[in-house]
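Good morning, and thank you for making time for this presentation. Please look at the sequence and the structure as they come up, and keep both in view while I speak.

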Amino acid sequence: MIDQKLYDNLLGLLETTEKNNSDLINYVTSHKNDIQGPILIKQEKIQRTLGPEPEMLNSESKENFKSKVENILQSIKQNPDKEIYLLCEKFNDTYYLLDGNHSFEALKKNGHEKFSVIFTNDSVIHQQLNP
């Protein structure tokens with residue numbers, strides 16, 4: 001189970017971001033007792049679910065995606081000690097990103113090979129990607 005302080009910080013972050021995260025907030029609160037982490041996961045075990053690629057569950061224009069990644073990359077370079085967590089669903093040995101798709105790409109561009117992941121053991125995203 002996730003540490004209460006980290007859980008509160010996660011909800012606070014989701015509630016104060018510019019995007020509408022009500023579905024994600026509901027998901028996190030309904031899975032509170034199942035959330036685990038943070039743990040370090042290798043890049044090849046993480047799968048994005050948002051981006052310009054046609055196979056993505058959630059699509060975003062290439063320009064928007066690239067712009068958001070570059071903004072986060074600049075923030076990472078300005079604050080290199082700031083911990084960034086990726087929120088995932090774990091199914092089998094794959095971590096499907098629920099939140100943090102842009103951060104994941106920015107961290108990769110910055111040379112990261114392992115990522116701090118907070119996750120649930122669920123298969124909702126896996127089922128949507130593999131009907």
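Of the contacts in the protein chain with a separation of 6 or more, 73% are between residues 24 or more positions apart; contact here means heavy atoms within 4.5 Å. This is a predicted model, in which local features need pLDDT of at least 70 and side-chain atom pairs count only at pLDDT 80 or more, while totals for chains, interfaces and linings use all residues. Residues are numbered from 1 along each chain as its sequence is written, and side-chain values use heavy atoms, with hydrogens and water left out.

The protein chain has five helices and seven strands. These are DSSP runs numbered from the N terminus, with helices being H or I of at least four residues and strands E of at least two. Read from the N terminus, the order of elements is α-α-β-β-β-β-α-β-β-α-β-α. Of the 131 residues, 41% are buried, where buried means under 20% relative accessible area, exposed means over 50%, and partly exposed lies in between, computed with a 1.4 Å probe on protein chains only.

Let me turn to the sheet. Five strands form an open sheet of mixed pairing, in the order S1-S7-S5-S6-S2. S1 and strand S2 (46-47) stand at the edges with a single partner strand each, so one side of each has no neighbour in the sheet. Two strands count as paired if DSSP finds at least two bridges between them.

Strand S7 (residues 114-121) pairs with strand S1 (residues 36-42) in the antiparallel sense over five bridges. Within that pairing, isoleucine 41 has phenylalanine 115 of S7 as its bridge partner. S7 also pairs with strand S5 (residues 85-91), here in the parallel sense and over six bridges; leucine 87 stands opposite isoleucine 118 of S7. Six of the eight residues of S7 are buried, so this strand is largely enclosed by the rest of the structure.

Two backbone details deserve a mention. Proline 38 is found in strand S1, and a cis peptide bond with omega of about 5° joins glycine 37 to proline 38. Asparagine 92 lies in the loop between S5 and S6; its phi is near 55°, a positive value in a residue other than glycine. Asparagine 92 is exposed, with a relative accessible area of 62%.

Next, the interior. In soluble globular proteins, nonpolar side chains tend to be buried together. A nonpolar core is defined here as a set of buried Ala, Val, Leu, Ile, Met, Phe, Trp, Tyr and Cys residues joined through side-chain atoms within 4.5 Å. The largest such core has 18 residues, of which Ile46, Leu86, Cys88, Tyr95 and Val117 touch the most other members. Two or more residues come from each of helix H3 (62-78), S5, strand S6 (94-99), helix H4 (101-109) and S7, and H3 gives the most, with four. A second, separate core has 14 residues, including Leu6, Leu14, Ile35 and Leu98.

How is helix H4 placed? Seven of its nine residues are buried, so H4 is largely enclosed by the rest of the structure. The buried residues of H4 pack against S2, strand S3 (50-51), H3, S5, S6 and S7. One of them is serine 103, which has a relative accessible area of 15%. Not counting residues up to four places away in sequence, serine 103 touches Ile72, Ile84 and Leu86. After H4 comes glycine 111, with a positive phi near 95°.

Finally, I come to a pocket. On a 1 Å grid over the protein atoms alone, a pocket is an open set of points where a 1.4 Å probe fits, with protein on both sides within 12 Å along at least five of seven lines, and lining residues have an atom within 4 Å of a point. The second largest pocket has a volume of about 170 Å³, a volume being the space filled by probe spheres set on the points, which are joined across faces, edges and corners.

Which strand gives the most to the lining of this second largest pocket? That strand is S7, with three residues. The lining also includes Leu40, Ile76, Pro80 and His112. By class, the lining has six nonpolar, three polar and three charged residues; Ala, Val, Leu, Ile, Met, Phe, Trp, Tyr, Cys and Pro count as nonpolar, Asp, Glu, Lys and Arg as charged, and the others, Gly among them, as polar.
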